[in-house]
Amino acid sequence: MTPDTFLALDQLTRRFGDHLAVEALSLSLVRGEVLALLGPSGSGKTTALRLLAGFERPDSGRVLVENIDVTAVPASRRRFGMVFQHYALFPHLDVGQNVAFGLEAIGAPASDIRRRVSEALEQVDLTGLERRRIGELSGGQQQRVALARALAPEPRVLLLDEPLSNLDPTLRERTRRELREVIRRIGITTVLVTHEQDEAFELGDRVALLRSGRLEQLGTPAELYGRPATPFVAAFIGRASAVPVIVERGVTGVLRLRVPGGGFWTLTPEQETGREVDGPAVLYARPEALRFASGTDGAAQGVITSLRFAGASSLFGVRLAVGHEVEVAAPLGSAQVGESVGVLPSRRGQGGMHLFQGATR
Amino acid sequence: MNRRARGAVLSGGLLALLLTWLVVYPIGIVAVDAVRGAQGFTLDGFRDFLARANEWQALWGSLWISFATVVMSACIGVPLAIFFTRYDFPGRRILAQLVALPAVLPPLVGVLSFLFLWGETGFAARLVQQVTGSIDPPWRLQGAGAILFVQAYSMYVYFYLFVRAGLRGIDASAYEAAESLGATRWRTFTKVVLPLLRPSLAGAALLVFLSALASFSAPYLFGGGFRVMTTQIVSTRLNGDDRLAMVETLALTAIALVGLVLVRWVDADGLIGGSKGAPPAARPIGSRRARALLSCVAWLVALFLLLPHATLLLVSLVPLGTWTNEALPPAYTLGNYVTLVSDPVRARPLLTSLWMAVAATIGAIAIGLGVGSLVVRHKVPTARLLEWLVALPWAVPGTVFAIALATAFSVHAPAALRFILVGTSIILPLAYLVRNLPLAGRALLAGYRRLDPSYEEAAASLGAGGARTMRRVVIPLLRSSLVAGATLAFVAGFGDFVTSVLLYTYDTRPISLEILGSLRSSDVGVAAAYGVVLMCVSAAVFLATSEREPGR
């Protein structure tokens, strides 16, 4: 924890029966920082958010705001604003009454409430919709009302639970940009939960990747993609094929890898992460870090089993040996399904090859 | 555990104690008193019970008439439900609603209107006499047949409502799948529809069985020499043999609980049907003549089913002493209604019933809200007990509760939590409240289960405390459940006869007892007018509340 830490989770643990939903989770945010909690379902990210909000009590650990322990403070007095996955807009109240709800609860004077409601709606670009009923709003508008409602009482922290999952894909990207703008403009310390990498990467200054209730890696999007700390991170973030290899470390720092399909690849230090690896290992290779070989020299031999069109380059599935497949990014037309090919590390690439000692799949 | 959670656990415990005291304790006292004699433990009561042929007759009578009522109600209700769900014809919607109306009418009103329509001096009998020229009534509405007729005529509604709801829950694709697999319409019905309807049928059967078992008005007015347990209990009690009445009460309770367990057991693997999706649209009838015919039949059926209630209305307009042996009353007046309002002695029961039903409803709803919140949200350790306590009065006949309350609260023993309430104005509202618990409790538990907890969390995250969240968020969102529960509870209390007949005093005599009194003094018009008031208030409350669903 640094001195300018604004919000901190300190060794938070929450059990449901035998199941450890969140285990000794520690995270800290500086004022105005946006942190994305990313992870597959069941990773504990929603429980972590609910612990932060005060809807769940931790079995142990603390939540601190400006170094003051708020773990025992009930949700209603924590002054954390929250946008719920399904928004939880009160259907019996109109837009204005929804946004005013929090202001009334903290006892703001009536004249103030009207002004602040219209300000909050202006912030999310819904000026003048105070009298609209919730049922009359589109999904995107509901999302923005939920944001305005959470922000109106000027909370210390903003919590977002899968804020975009309820929108259709075309709307999602635009809403994501708008959400990002509002958060930056206000400069509010924010924690958001998502299972979408794109969302975490675009909205979060830093991303915490959770797995089975534990923090797997914390870092900027570039760090998570470029220097995954564990095989799980390498596999979860972006695309990567896992292949068992045998590493032979040369004196010059150059690595030689024995790859299924008779491959014998040479990697320069810039091309891989995992300096200490030697002997049996698992290689996580990004599709763009591999290429088709023109000759057979050192290339891993395989057969193309699938082809997926993906814009500028296509993704080719290559079976090197039984049970071992890699994905190679190459221009469409480079090869046909059923064709025999050789696979080598890409020459231009920096990074994209991640070695982990000993681990097998 | 934090303070709020501790508070919830404590409230859960206290509420469980309160409900145990109200629901279980009185029955427990009956059970204990039934085996307590002057020299301690005695089985004299049971010996008495088993030795008397009358008791066996009553027990057997209750059993077979309840089963027969289930069968006959099903024979009326199930075809009606299928008819009104599957076929489309002019007037279908309104008729479908009308046919369900008897569900909200107090049993006594139904019995009364039967008396006026099918009784030996009723319209039908007079009509036959007129045609045949006979002086003797063509039939007597008395005995087992009469009870069965009246009960089936009013309880078919449960089968009708349950099966209609069940049919609505079957997705159109189930029919289409059967059809695409080559099944005939009959085969589809027996192999697909009926199995999917099983939970609805079992639910309706249980409800009819328990209602018939607890039925008091019909056997009381039409029974003649035919014995059933409910009337047996009341007459034993009036004869002053309290111990025997207690044993009878226990016997009736036991049958009700066996019925409950039996149905639960038969329906243990409740089917999870295709609850999503849409039922098939009602089949429009192509030919214009067939459509007209169908519409006619539907109107006739509805008319036949609603005729008793129309009769009641007609009789309420007959001035005292003017109608002797004509087929139709010779004179009509609103005088009977004027009497109800202007005569202070007559008006009093109306107001008494009103305030007692309102008080009982408020109490039941408050307890229902508490139980809903503690069971569904706080998941307190006593949750299962609370749910069970709230549901129990549903299976226990009203007569049993009346006897139990009369026994428990006729003694002053504060240390045993027994107070003298019998003879005060508290006992009847309390009895109504206990009887209303299942209606209010079930509606609110279901409402709470449907209510997304994130609404309450949203309110909390916006700074609202418990009371504010309850007032501004939970209660408005539970409105339809609250209204449904309150309506049913109010109507049940307003028209109650079963418990009132055992617990009323002159000062707290409710409408039902006044109807009986008027009937005894041959003041038929006033009795009918009371009945119409009961019917209209019940129907009005029901219609007013069922239409205003909150806009989505």
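# A chat about chains A and B

Mentor: Let's start at R172(A), which sits in helix α5 (residues 169–186) of chain A. Helices here are DSSP runs of H or I with at least four residues, strands are runs of E with at least two, and both are numbered from the N terminus. One thing to keep in mind is that this is a predicted model, where local features need pLDDT of at least 70, side-chain atom pairs count only at pLDDT 80 or more, and totals for chains, interfaces and linings use all residues. Residues are numbered from 1 along each chain as its sequence is written, chains are lettered from A and ligands numbered from 1 in the order in which they are written, and side-chain values use heavy atoms, with hydrogens and water left out.

Trainee: Okay, which residues is R172(A) in contact with, leaving aside neighbours within four places in sequence?

Mentor: Those are L164(A), S165(A), L167(A), E196(A) and E199(A). Contact means heavy atoms within 4.5 Å. With L167(A), the backbone oxygen lies 2.9 Å from a polar atom of the R172(A) side chain.

Trainee: Switching topic: how many salt bridges are there over all chains?

Mentor: A search of the whole structure gives 34. The rule is a side-chain nitrogen of Lys or Arg within 4 Å of a carboxyl oxygen of Asp or Glu. Side chains of opposite charge can pair when their charged atoms come close.

Trainee: What about R31(A) and E66(A)?

Mentor: Their side chains meet in a salt bridge at 2.8 Å, N to O. The two are 35 residues apart and link distant parts of the chain: R31(A) is in the loop between β2 (19–30) and β3 (34–38), E66(A) in the loop between β4 (60–65) and β5 (68–69) of chain A.

Trainee: And how many salt bridges are there between chain B and chain A?

Mentor: Three. Among them is R468(B) with E104(A), whose closest N and O atoms are 3.9 Å apart.

Trainee: Which elements of chain B supply the side that touches chain A?

Mentor: α19 and α20 of chain B each supply at least two residues there. The biggest contribution is from α19(B), with seven residues. By class, that side of chain B has nine nonpolar, five polar and four charged residues. The classes go like this: Ala, Val, Leu, Ile, Met, Phe, Trp, Tyr, Cys and Pro are nonpolar, Asp, Glu, Lys and Arg are charged, and the others, Gly among them, are polar.

Trainee: What area is buried between the two chains?

Mentor: About 1900 Å², with carbon and sulfur atoms giving 62% of that. Buried area is the accessible area (1.4 Å probe) that two parts lose on being put together, summed over both. On the chain B side, E457(B), L462(B) and R472(B) lose the most area to chain A, together 34% of what that side buries. In contact terms, 18 residues of chain B meet 22 residues of chain A.

Trainee: Last one: where does I82(B) lie?

Mentor: In helix α3 of chain B. Not counting residues up to four places away in sequence, I82(B) touches Y87(B), L167(B) and F189(B).

Note on methods
Polar contact = N/O pair within 3.5 Å; in protein donor to acceptor, adjacent residues only side chain to side chain.
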